[in-house]
Amino acid sequence: MAEPVARFLSRLPERTVRVVRLGLRAIEWAPFPWRFSRLSCDARSAYLARMESSRFFVYRDLLLLAKILCMFGWARDERVRSTVGYEARCGVADGEAPPQPGPLGELRPQGDGEECDVAIVGSGAGGAAAAATLAEAGLDVLVLESGPHFDHRSYPEDPLEAIPVLYRDGGMTVAGGRPAIPVPVGRALGGTTVINSGTCFRAPDEVLAEWQERYGVEWAPELEPTFAAAEHELAVTRLDPERMGRNGQLCMEGAEALGASGGPIARNAGACIQCSSCPVGCRLDAKRAMHVSYLPRAAAAGARIRTGVQALRLLREGERVTGIACRGGLPTTAKEEFSRNGRPVRGRPFEVRARAVLLAAGAFGTPELLLRSGIRHPHLGRHLHVHPAAWIGGRYEQEVRGWEGVMQSYYVDEWQPQRILLEATFTPLSFGAQWLPGAGREHSERIRDYDKLGSIGVHLHDHSSGYVGLHPDGSLRLSYKLRDEEVRLLQFGIARAAEVHFAAGAVEVYPNVGPVPVIKRGSLPEFESMRVRADDLRLEAFHPMSTARMGADPKQSVTAPDGSVHGTDGLYVADASLLPSSVGVNPMMTIIACATQVATQLAQRISARAPAPSPGG
Ligand SMILES: Cc1cc2nc3c(=O)[nH]c(=O)nc-3n(C[C@H](O)[C@H](O)[C@H](O)COP(=O)(O)OP(=O)(O)OC[C@H]3O[C@@H](n4cnc5c(N)ncnc54)[C@H](O)[C@@H]3O)c2cc1C
Ligand code: SF4
């Protein structure tokens with residue numbers, strides 16, 4: 001088990017490895033004057049159990065790190081899988097084949113001298129939608145993506161192989177704070193949409209109205225046709241409750257028994273019925289992520305797409321942005337990425353010239369690039385919202401076999417007025433088992449019951465916020481501060497998820513709250529009346545946004561409602577960074593809609609500026 005984990009760690013960026021090593025050293029020396037690795041097996045188990053129930057969050061965080069690493073290694077072991085009965089498979093209803101995507105064109109960068117009307121950095125939800133819109137408006141578009149191109153023929157089956165290549169920093173992007181919150185983001189052609197769960201929500205009307213009233217984004221309440229067009233492009237379909245799998249059905253039964261409103265989730269992979277691989281790329285490409293939807297559409301309209309190109313900084317002449325300084329020569333395809341085997345690639349510098357630059361490098365990548373380019377604004381990198389989320393497991397007496405259903409399948413919006421959204425989400429073994437309580441033998445016994453587990457994600461529509469900045473060595477620095485009143489909201493949300501589990505027949509619930517590893521039937525009122533502290537919570541988050549927020553007032557927002565960066569000329573943003581505030585629902589569709597809006601306005605502006613054709617030309 002240790003060898004594949006060691007190989008995994010050797011593929012992570014140096015800075016991430018340093019942090020992991022520090023954590024592992026701390027565990028090794030924590031039982032001082034003894035050393036953890038020299039204790040007997042029973043003494044180690046007892047020590048880990050003490051770490052889990054410790055009043056000090058640092059011990060609990062260290063234990064979680066150890067559990068994450070161990071589960072990556074353990075869950076791939078055939079003996080563990082066969083004991084649990086876990087099978088990693090994806091399937092679509094009635095064997096229906098997903099549509100074949102069109103070609104993407106030459107992905108290899110062409111070196112110095114590429115010129116275009118609009119250079120787009122990043123090919124995720126925002127970048128891909130903007131590329132298709134601009135190219136179809138007749139503009140010459142160049143998309144630069146730092147990750148390589150993967151698809152159903154090349155996603156690695158083993159999560160330990162997949163995570164270092166499909167995620168930024170090997171999935172170890174963590175917002176520091178109490179508690180520290182892992183916020184993974186994708187790094188591949190198609191961005192985070194390659195590894196996301198395919199859930200499609202439109203932004204709630206109240207949120208769009210707030211963007212108009214409070215931030216001056218006049219077009220926000222008029223996005224209905226843009227959402228409809230995006231849903232058409234991504235073949236968004238509501239799940240059939242009969243086929244969503246037992247995990248979703250239990251959530252539905254629990255919610256219905258409580259009279260709580262909700263419904264099957266709409267997804268951009270309507271026909272799928274069995275899953276174990278959403279977070280490491282859909283093995284069937286049944287999910288219409290950007291590399292099989294908007295990007296082939298952009299290529300068909302003439303856009304040039306380049307992978308393995310990292311944008312380093314913006315080229316500027318005064319306020320005017322004229323292009324991008326890049327590093328090329330990074331792996332462009334899955335094959336090249338695997339043959340690099342984690343070794344750093346130096347690459348070669350080159351420059352791209354453009355009439356306009358549109359940043360779509362995501363809520364971390366976009367402020368990072370702006371800061372590295374010397375752009376300063378008091379709100380740049382601030383207001384990071386993430387939708388903090390808690391994984392709430394419920395153990396049932398009968399089999400659930402959640403992996404035989406769709407990963408994210410049923411939502412409960414009864415408590416949206418309290419800013420809480422529940423989503424039945426069954427995480428594959430490698431990504432879910434670390435959230436089970438216990439350490440050592442107790443933990444492995446709980447894993448043995450993974451086939452009887454149901455899980456619900458609790459998502460907070462956050463007003464709390466964080467910060468994206470740079471360390472002195474230029475690397476990314478993230479932090480997030482959870483407000484006290486939002487700790488209460490999360491506790492409320494966790495209790496509601498527990499209530500849904502119990503109403504569906506669960507015998508015990510795992511709330512991921514440090515001092516309360518398990519909630520038994522009947523003890524929910526006790527859980528609700530206790531005072532939970534921020535660092536008692538074990539959270540993760542998947543929706544970073546708002547780090548270059550848009551608004552009409554240049555003093556309060558980094559970007560204008562047309563996506564342009566205040567105080568610059570020729571520079572635009574079209575990704576999650578743009579969203580003026582937290583959306584409250586999974587944000588992919590909102591990002592696509594906003595990026596389409598920004599790109600449409602930009603196309604009009606550039607076309608209007610184009611020199612008139614010469615007579616006879
Ligand atoms: C595990 C997981 C599950 C999720 N599930 C859902 C879901 O079901 N539904 C939903 O709505 N949302 C989901 N999300 C969130 C959603 O996928 C993202 O919010 C969305 O993709 C963000 O779009 P974006 O364009 O801002 O950035 P991204 O999609 O992250 O794309 C940014 C791209 O820019 C590239 N890049 C960054 N820096 C540079 C640089 N310097 N040079 C060149 N390229 C660069 C990156 O490699 C990346 O490909 C999920 C997220 C995760 C992590
Ligand atoms: S649940 Fe996800 S990975 Fe599985 S088949 Fe559907 S889209 Fe693909």
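**The buried interior**

A: In this predicted model, the largest nonpolar core holds 197 residues, and Ala131 and Val141 have the most contacts inside it. Such a core is a set of buried Ala, Val, Leu, Ile, Met, Phe, Trp, Tyr and Cys residues joined through C-beta atoms within 7 Å. Helix H18, residues 588-609, gives the most to this core: 11 residues. Domain 1 (1-74) and domain 2 (122-167 + 186-198 + 201-232 + 280-381 + 548-609) both supply residues to the core, so it lies between them. Domain bounds come from an automatic or database assignment.

Residues are numbered from 1 along each chain as its sequence is written, with chains lettered from A and ligands numbered from 1 in the order written. As the model is predicted, local features need pLDDT of at least 70 and side-chain atom pairs count only at pLDDT 80 or more, while totals for chains, interfaces and linings use all residues.

Take Ala131. Leaving out residues up to four places away in sequence, Ala131 touches Ile120, Val141, Val143, Tyr294, Leu295, Ala298 and Ala303. Contact here means C-beta atoms, placed from the backbone, within 7 Å.

Now turn to strand S17, residues 453-460. Eight of its eight residues are buried, so S17 is largely enclosed by the rest of the structure. Buried means 20 or more other C-beta atoms within 10 Å of the residue's own; 12 or fewer is exposed, and in between is partly exposed, with C-beta atoms placed from the backbone. Both faces are covered. Leu453, Ser455, Gly457 and His459 are buried on one side. Gly454, Ile456, Val458 and Leu460 are buried on the other.

Next, the neighbours of S17. Helices (H or I, at least four residues) and strands (E, at least two) are DSSP runs, numbered from the N terminus. Strands pair if DSSP finds at least two bridges between them. S14 (residues 389-395) pairs with S17 in the antiparallel sense over seven bridges. Ala390 has Val458 of S17 as its bridge partner. S16 (residues 420-425) also pairs antiparallel with S17, over five bridges. There, Ala424 is bridged to Ile456, and Leu422 to Val458.

These strands belong to an open, antiparallel sheet of seven, in the order S7-S15-S16-S17-S14-S20-S21. S7 (262-264) and S21 (519-520) are the edge strands, each pairing on one side only.

Conventions. Two residues are in contact if their C-beta atoms, placed from the backbone, lie within 7 Å.
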